[in-house]
Amino acid sequence: HPPTQRYNMKLRLGKGFTLEELKEAKIPAKLAPTIGISVDHRRRNRCTESLQANVNRLKLYKSKLLIFPKKSGKKGVKKGDTPKS
C-alpha cells in the first residue's frame with residue numbers, strides 16, 4: 001500500500017541497496033550481507049541522484065568498516081582485513 005497523506009512526506013531509506021548501487025561502490029553482492037549491508041534485488045534505481053547518494057553512503061560505510069581476520073597467522077589474513085596493531 002502507498003503511504004497515507006500523513007506519512008508521505010517522510011523519506012524512507014528502503015529495505016536494502018540495489019545490485020547496481022553495490023556494483024558502483026565496488027562491493028560484491030555476496031559479500032555485502034556478511035559485512036552488514038542489506039541487499040534488495042527487487043529495488044530499481046529510477047534516478048541518478050538517489051543512486052549517487054546511496055553509492056556515497058556505501059563508500060562512507062566501507063571506509064569506516066573494520067574487518068578482522070577469521071584465523072590467526074599469515075594464512076588467515078585476507079585482502080581488506082584490518083592490520084594487527
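Predicted model: local features only at pLDDT ≥ 70, side-chain atom pairs only at ≥ 80, totals over all residues.
Buried residues make up 21% of the 85 residues.

Me: Why is asparagine 54 called buried?
Reply: Its relative accessible area is 11%, and buried means under 20%, so asparagine 54 qualifies.

Me: Where is asparagine 54, and what is it in contact with?
Reply: Asparagine 54 is found in helix H2, residues 48-64. Leaving aside neighbours within four places in sequence, asparagine 54 is in contact with Phe17, Glu21 and Arg43. Contact here means heavy atoms within 4.5 Å.

Me: How do you know that the buried residues of H2 line one face?
Reply: Those residues are Leu51, Asn54, Val55 and Leu58. Seen down the axis of H2, they fall within an arc of 105 degrees, so they line one face of the helix. As background, an α-helix has 3.6 residues a turn, so residues three or four places apart point the same way.

Me: What is on the other side of H2, and what do its buried residues pack against?
Reply: Glu49, Ser63 and Lys64 are exposed on the other side of H2. The buried residues of H2 pack against helix H1 (19-24). As for Leucine 51, it touches Glu20, Glu21 and Asn45, not counting residues up to four places away in sequence.

Me: How do you know that the span of H2 is close to the one expected?
Reply: H2 has 17 residues and reaches 24 Å from its first C-alpha to its last. At 1.5 Å a residue, 24 Å is expected, and the span of H2 is close to that.

Me: What makes up the largest nonpolar core?
Reply: Ten residues: Phe17, Leu22, Ala25, Ile27, Ala32, Ile35, Ile37, Leu51, Val55 and Leu58. H2 gives the most to this core, with three residues. The label nonpolar core calls for buried residues of the nonpolar kinds, joined through side-chain atoms within 4.5 Å. In soluble globular proteins, nonpolar side chains tend to be buried together.

Me: Why is lysine 26 called exposed?
Reply: Lysine 26 has a relative accessible area of 66%, and exposed means over 50%, so the label holds. The place of lysine 26 is in the loop between H1 and H2. Lysine 26 also has a positive phi of about 60 degrees, although it is not a glycine.

How values were computed. Residues numbered from 1 in each chain as written. Heavy atoms only, no water. Helix = DSSP H or I, 4+ residues; strand = E, 2+ residues; numbered from the N terminus. Buried < 20%, exposed > 50% of the residue type's maximum accessible area, 1.4 Å probe, protein only. Expected span 1.5 Å × (residues − 1). Arc of directions from axis to C-beta.
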